[in-house]
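Let's sit down together and learn to read a model, one feature at a time. Bring your questions.

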Amino acid sequence: MVKRAGRMDRRIVIESRTIVQSPTGAPTETWATFATRWAAKRDLSGREYFEGRKDQAEVTTEFTIRWLAGLQREMRVVHDGVTYDIQHLAEIGRREGWTILAEAKVA
């Protein structure tokens with residue numbers, strides 16, 4: 001069963017990859033808003049590492065949302081200015097909701 005609405009207290013934006021034509025006529029990849037939803041957020045794990053002369057951090061987060069038709073793994077989630085790449089989607093019940101497992105890299 002999907003979490004009650006009171007627990008879905010985070011506003012997330014789900015974006016899909018699109019191809020647009022630049023002013024020069026070349027195809028350019030960009031991201032467009034697919035949906036904006038209320039979600040429950042739970043950080044599952046995190047790690048820090050050193051790469052390219054910089055400290056890096058990586059966090060794995062689980063978002064739970066109500067059912068959304070057309071949601072795909074190739075999309076991404078944006079929350080509080082952090083971009084999360086979707087790693088896995090799990091349907092909750094029969095079209096009741098989604099659990100989105102996502103990963104973000106923070107410099």
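Q: What should I know before I start?
A: This is a predicted model, where local features need pLDDT of at least 70, side-chain atom pairs count only at pLDDT 80 or more, and totals for chains, interfaces and linings use all residues. Residues are numbered from 1 along each chain as its sequence is written, and side-chain values use heavy atoms, with hydrogens and water left out.

Q: How many residues does the largest nonpolar core have?
A: A nonpolar core is a set of buried Ala, Val, Leu, Ile, Met, Phe, Trp, Tyr and Cys residues joined through side-chain atoms within 4.5 Å. Buried means under 20% relative accessible area, exposed over 50%, and partly exposed in between (1.4 Å probe, protein chains only). Here the largest such core has 18 residues, and those with the most contacts inside it include I14, F63 and L71. Strand 6 (97-106) is among the elements giving two or more residues to this core, and its share, four residues, is the largest. Strands (E, at least two residues) are DSSP runs, numbered from the N terminus.

Q: Which residues is L71 in contact with, leaving aside its neighbours within four places in sequence?
A: Contact means heavy atoms within 4.5 Å. On that basis, L71 touches I14, F34, I65, L89, W98 and I100.

Q: How do strand 5 and strand 6 run, parallel or antiparallel?
A: Two strands pair if DSSP finds at least two bridges between them. Strand 5 and strand 6 run antiparallel and are joined by seven bridges; one of the pairs is I92 with G97. The two strands form a hairpin with four residues between them, and G93 in the turn has a positive phi of about 60 degrees.

Q: What about phi in residues other than glycine?
A: Most residues other than glycine have a negative phi. In this model, R95 has a positive phi near 60 degrees; R95 sits in the loop between strand 5 and strand 6 and is exposed, at 59% relative accessibility. D80 also has a positive phi, near 50 degrees, and is exposed at 69%.

Q: How many salt bridges does a search of the whole structure find?
A: Side chains of opposite charge can pair when their charged atoms come close. A salt bridge is a side-chain nitrogen of Lys or Arg within 4 Å of a carboxyl oxygen of Asp or Glu. The search finds five, including E15 with R76 (2.6 Å, N to O). E15 lies in strand 1 and R76 in strand 4, so this pair ties together parts 61 residues apart in sequence. E15 is buried at 13%, and R76 is buried at 18%.
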